[in-house]
Amino acid sequence: MTSISDCYTLNNGVQIPCVAFGTYKAADGKSADIIRMAIEAGYRYFDTASFYGTEEYLAQAIEQSGIPRSEFFLASKLWKEEMGYEETKKAFERTLERLQTDYLDLYLIHWPLPAPDYDDWKSLDAETWRAMEELYEEGRIRAIGLSNFLPHHIENIRNHCRIQPMVDQLEFHPGYTQEAAVRYCQEHQILVQAWSPIGRKRVLEEPLIRDLSEKYGVSPAQICLRYAVQRNIVPLPKSSVMERMKENQDIFSFEISMEDMYRLDTMPQAGWSGEHPDRERVRF
């Protein structure tokens, strides 16, 4: 990968950009301003979700940009309370309406379980995926995938599906790399995407991150994003400042050495969100 315009090829042949703009909390001001700024900064791949409340603002920003819909790669996600065969179909229609489009480039199941104590998650996931497959086969979604699914969750899908998942979004950053899940996905040709690729303030202040930032002459955030790219993982950074938006794209002018990649791979745990699909959120 040499620039933000480079693409990966999903297991169904669809081309997907190697960096996206994450829209979670990108419309706290109840406007499309931040997303419009991201378009001006050069982003064309946007990651949203019904839960984020940003789908309508993304549609407004695209309309205001004057850039054709076909030049954008739009991904959204189905929330925990929208799972199930019939509910998935209805949720998809609501997402299309909010995004003012007649198709999605990528649609994901946001979480594998509605709640950690939900016993019948295997059949719920399978029914949800069946609806996703039908929407895909109708040509209304170019690619389908998962979010926060771990290997045991993905195995259930793969054991019941006709169409293999193409993507899995995971929390991934130095200090929380979910090696087993990443390895499983990459072994099964499922592209991994990183939500929270920069981690949190604790990650950016880690001594190793700061040392590498100084060594390579880039920001701590750029070290985190470049790390994901070199692991063949699509980072989904978010920012509300134009300077940071551009900086987060400028991760192709340097390369982290193999030795430093190993150091990042084995960094002590830092910056975990506390989210895990099989348990209640851990509060820090």
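Author: A pocket is an open set of points, on a 1 Å grid over the protein atoms alone, where a 1.4 Å probe fits, with protein on both sides within 12 Å along at least five of seven lines; its lining residues have an atom within 4 Å of a point. This is a predicted model, where local features need pLDDT of at least 70, side-chain atom pairs count only at pLDDT 80 or more, and totals for chains, interfaces and linings use all residues. Residues are numbered from 1 along each chain as its sequence is written, and side-chain values use heavy atoms, leaving out hydrogens and water.

Reader: Which residues lie nearest the centre of the largest pocket?

Author: They are Y24, W195, S196, R200 and K238, among 35 lining residues.

Reader: What makes α8 roughly antiparallel to α11?

Author: Helix α8 (residues 207–216) and helix α11 (residues 258–265) pack at an angle of about 160°. Angles run from 0 to 180 degrees between N-to-C directions, and those over 145 count as roughly antiparallel, so α8 is roughly antiparallel to α11.

Reader: Why are α4 and α5 called oblique to each other?

Author: Helix α4 (residues 121–137) and helix α5 (residues 151–160) pack at about 55°, with their axes 9 Å apart. Angles under 35 degrees are roughly parallel, over 145 roughly antiparallel, 65 to 115 roughly perpendicular, and the rest oblique; α4 and α5 are therefore oblique.

Reader: Which residues of α4 and α5 meet?

Author: W121, K122, D125, A126 and W129 in α4 meet H152, H153, N156, I157 and H160 in α5, where contact means heavy atoms within 4.5 Å.

Key. Helix = DSSP H or I, 4+ residues; strand = E, 2+ residues; numbered from the N terminus.
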